[in-house]
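Trainee: I would like to go through this model strand by strand. Could you show me the structure?

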Amino acid sequence: MSKPIVTGLLSYGMSGRLFHAPFLSTNAGFKLKAVVERNHKKMGGTYPDIVSYNSVEELLNDSEIELVIVNTPNFTHYDLAKQVLLAGKHVLIEKPAAANAKEVKDLYDLAKAHNLHIFVYQNRRWDSDFLAFKEIIESGRLGRLTEVHLRYDRYKPILAVKPFKETGDTPVNGLVYDLAPHIVDQAIALFGRPLSFDKITAKQRDNSQVIDYFNFRLNYTGELKVYLTGGLLFPEPLPSFVAHGTLGSFLKYRKDPQEPQLDAGMLPTDPAYGLEPECSEGKLVTMGVDDLKTVEWIKSGRGNYNHLFDAVHHTIRNGALYPITEEHISWQMELLEA
């Protein structure tokens, strides 16, 4: 492994604690050096060697830091990512990268002008359940695909405690910018840019000021229809991954264990990390001669967000192509802001 990339975090809330620090501290390709903590200095309790700065400006003035992770509220992503690039540092931005396609293009253009890299944190490409779904689709066992569903079914009727998440005046807000980037990116990873699409949104919870339901219908060649759905009033979730084809169907519930494992303190180096619990298999139904059905239960492999960080390292140190490209993010923005 080449020289570790010295990295700074812009916050240590849930995302910093679960999705970044455990990987940056255990992946040999990185050296987690600093964090911005304006009020409560919490990170040192787990990472005693961390440098805790009081402001973004202080962290950006640290000449040793090469990569900065923007893991702050959605509406701050564009301005902070721009500051990071102007400070001469690479940037890893949590989804959504910005509010619209123009802001995304501005950031990528600025990065190119300064010979820097932008990475968007689309970690759900490395979920165990999605990887199993992708493998079945790419195997051809379903034949020609006709209909695909990706869903986030949650039941959270009570408005969020953090006011900025529920305020209609706050930009880049609501479920379209919270959960939709995950499954839009997964659809793009599977099928590319749709030929056309339709979009429905709603505010379904009592007194909701922000969109809390969405449904996209993506139209692809061969009459393939891909439906992306998310909402907060689903007491009984449907399977999160469904694909129908001329030769069979595959159904799978969302069972990737990484977030709860990380929340419980498990490190990515643990042998059990990323492995789904028993009875989490996907159901594969294939059709044979005389319409005879065969049912198989497909076990997922290991999910691992470390693959995203490995990709970041290979891009910065070796010039490799980061798998979530500028085109992918631009296509995503077309759907989110429509």
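Predicted model: local features only at pLDDT ≥ 70, side-chain atom pairs only at ≥ 80, totals over all residues.

Trainee: Which residues point each way from β5?

Mentor: Both groups are buried. Val91 and Ile93 take one side; the other way point His90, Leu92 and Glu94.

Trainee: In β5, which residue is the bridge partner of Val68?

Mentor: Strands count as paired if DSSP finds at least two bridges between them. β4 (residues 67-70) and β5 pair in the parallel sense over 4 bridges. The partner of Val68 in β5 is Val91.

Trainee: And in β6, which residue is the bridge partner of Ile93?

Mentor: β5 also pairs with β6 (residues 118-121), parallel, over 4 bridges. There, Glu94 has Tyr121 as its bridge partner. For Ile93, the partner is Val120.

Trainee: Which helix makes a β-α-β unit with β5 and β6?

Mentor: Right-handed means that, with the strands pointing away from the viewer, the path from the first strand over the helix to the second runs clockwise. β4, helix α3 (residues 77-86) and β5 make one such right-handed unit. With β5 and β6, the right-handed unit is made by helix α4, residues 101-113.

Trainee: What is the order of the strands in the open sheet?

Mentor: The sheet has 6 strands with parallel pairing, in the order β3-β2-β1-β4-β5-β6. β3 (51-53) and β6 are the edge strands, each pairing on one side only. From one strand to the next, the twist averages 25°. Read across, the order is β3-β2-β1-β4-β5-β6.

Trainee: Which residue stands opposite Val68, and in which strand does Val68 lie?

Mentor: β1 and β4 run parallel, joined by 3 bridges. Both faces of β4 are covered: Leu67 and Ile69 are buried on one side, Val68 and Val70 on the other. Val68 lies in β4, and opposite stands Gly8.

Trainee: Is Pro194 buried or exposed?

Mentor: Pro194 sits in the loop between α8 (180-191) and β8 (196-202). Beyond four places in sequence, Pro194 is in contact (heavy atoms within 4.5 Å) with Leu218, Asn219, Tyr220 and Leu335. Its relative accessibility is 11%, so Pro194 counts as buried.

Conventions: Residues numbered from 1 in each chain as written. Heavy atoms only, no water. Buried < 20%, exposed > 50% of the residue type's maximum accessible area, 1.4 Å probe, protein only. Helix = DSSP H or I, 4+ residues; strand = E, 2+ residues; numbered from the N terminus. Axes fitted to C-alpha atoms, helices over the stretch in contact; angles between N-to-C directions.
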